Amino acid sequence: MKLEPMRESGLTYAPCRYGMSRVTFRGPRRDLNGRYIAFVGGTETYGKFIEHPFPSLVETALGEKCVNFGVVNAGIDVFHNDPTILAAAHDAELTVVQIMGAQNLSNRFYKVHPRRNDRFLSASTVMKALFSDVDFADFSFTRHMLGALYTRAPERFEILRSELEQAWLARMKSLIAGIGNNVVLLWLSDSPLTDDPWMERPNPLRADPLFVTRSMVEQLRPLVRDVIEAQPSAEALSRGTEGMVFPLLNNEAATEMLGVAAHEEAAARIAPSLRRLMGKPTRH
C-alpha cells in the first residue's frame, strides 16, 4: 500500500504493519499480547489530520489499550480479506467496527483494489451489459464511477445500488462471523442513520457511509454486542478544521472530514458503551 505523505502533514502517523498483513496502519505499533480493544474502520478511525483520533481518546477514557486498525478510504474488503487483522480483531476484548460505505467493496458488478478499496479495478460482464454505453476505462475511483453512472442512467443505477446493498450485508455478516462475538458497530457520520431514500439527501453521492441504511444496520444488530450512533452535533461541525493538522494544499480535503470536536464527541459516546460491556465501573 502506498503510504500517506506523513511528514508533510505535520503528523508522523508512525506507519506500521502487523504480522503478515500487507496493510499499513497508523502507529506506533502496539503489542497485541494481553488485553486490548481493536478499532477497525476507515478514514475517521485512522484519524487523518487528527492528532488524537477517537480510538486514542477512548484509550485515555477507559485506561485500556486501544489498537487502531483504521485505513484511509477503507471498505469492508481490506479487513475481510486480511487473516492477520481478522485474528487480531478476534483476539481483542472488544472490536469496534466503524460502519463503512457500500461502494468500496467487490461485488457482482465490479472489483475494487484488495487494499485500497476506493480504487476501481474492473467491471464485470454483468456491469458492461447493464451499462453498455459506458467506457469503464475512464474510471479509477469507485465514487467517481458511481456518480457518472447515476447521472447517465438513474433507473439502471438502482439495479447496481441494490446489488451493493446486498453485497454489503453479506460481507458485513461474514466479517462479523470472522471476528466473533465481540463486535460493536459504530455509525460515525455527519448524516443520521436513516431509511430515508438516499437520492433525496443533500449531495447524495457524497454521503458517508454511502448507501447504508438503518434497516441494513438493524439486520446486523442481533449479531453484535452493541450499535453506537455517534452523529456529531451542530456545534462540533461548526468548529470545522479547528485543531486539525494538515498542509495548506490539503485544506479542501480536510474540510470534508470530521474534525477534532467530532472525534471528541464520538469518544464520549463510545467509552460508556465499552465500559458497560467490559463490566468496568461507571465514572461519575
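**Salt bridges, helix packing and aromatic contacts**

Asp133 has a relative accessibility of 38% and therefore counts as partly exposed. The model in which this value was computed is a predicted one. Asp133 takes part in a salt bridge with Arg156, in which the closest N and O atoms are 3.2 Å apart. Arg156 belongs to helix α7 (residues 154-179), whereas Asp133 is in the loop between α5 (125-130) and α6 (142-152), so the pair ties together parts that are 23 residues apart in sequence. Arg156 is likewise partly exposed, at 26% relative accessibility. The count of salt bridges in the model comes to 16.

Side chains of opposite charge can pair when their charged atoms come close. Further pairs of this kind involve Glu218, which forms a salt bridge with Arg214 at an N to O distance of 3.8 Å. Both residues lie in helix α8, and the four residues that separate them amount to about one turn of the helix. An α-helix has 3.6 residues a turn, so residues three or four places apart point the same way. Glu218 also forms a salt bridge with Arg221, where the closest N and O atoms are 2.9 Å apart. The relative accessible area is 31% for Glu218, 26% for Arg214 and 33% for Arg221. Each of these values falls between the limits of 20% and 50%, so Glu218, Arg214 and Arg221 are partly exposed. A network of salt bridges links Arg214, Glu218 and Arg221 with Glu229.

Helix α4 spans residues 83-91, and its buried residues are Ile85, Leu86, Ala88 and Ala89. These residues cover an arc of only 165° around the axis, which means that they lie on the same side of α4. Pro83 and Asp91, on the other side of α4, are exposed. The elements that cover the buried residues of α4 include the strands β1 (37-41), β2 (66-70) and β3 (94-98), together with the helices α3 (77-80) and α7. The N-terminal end of α4 is capped by Asp82, a side-chain oxygen of which lies 3.0 Å from the backbone nitrogen of Thr84.

Ser189 is located in the loop between β6 (183-187) and α8 (214-220). Its relative accessible area is 3%, under the limit of 20%, and Ser189 is therefore buried. The side chain of Ser189 reaches the backbone nitrogen of Ser191 at 3.0 Å. A polar atom of the Ser189 side chain also lies 2.4 Å from the backbone oxygen of Asp208. When residues up to four places away in sequence are not counted, Ser189 touches Asp208, Pro209, Ala230, Gln231, Pro232 and Leu258.

Aromatic pairs were searched for across the whole structure, and 14 were found. In one of them, the ring centres of Phe120 and Phe136 are 6.2 Å apart and the ring planes meet at 40°, so the pair is tilted. Phe120 lies in strand β5 (residues 120-123) and Phe136 in the loop between α5 and α6, and the pair therefore ties together parts that are 16 residues apart in sequence. Both Phe120 and Phe136 are buried. One aromatic cluster is formed by Phe120 and Phe136 with Tyr110 and Phe139.

Definitions and conventions. Residues numbered from 1 in each chain as written. Predicted model: local features only at pLDDT ≥ 70, side-chain atom pairs only at ≥ 80, totals over all residues. Heavy atoms only, no water. Helix = DSSP H or I, 4+ residues; strand = E, 2+ residues; numbered from the N terminus. Buried < 20%, exposed > 50% of the residue type's maximum accessible area, 1.4 Å probe, protein only. Polar contact = N/O pair within 3.5 Å; in protein donor to acceptor, adjacent residues only side chain to side chain. Contact = heavy atoms within 4.5 Å. Salt bridge = Lys/Arg side-chain N within 4 Å of Asp/Glu carboxyl O. Arc of directions from axis to C-beta. Phe/Tyr/Trp six-rings, centres within 6.5 Å; stacked < 30°, edge-to-face > 60°.
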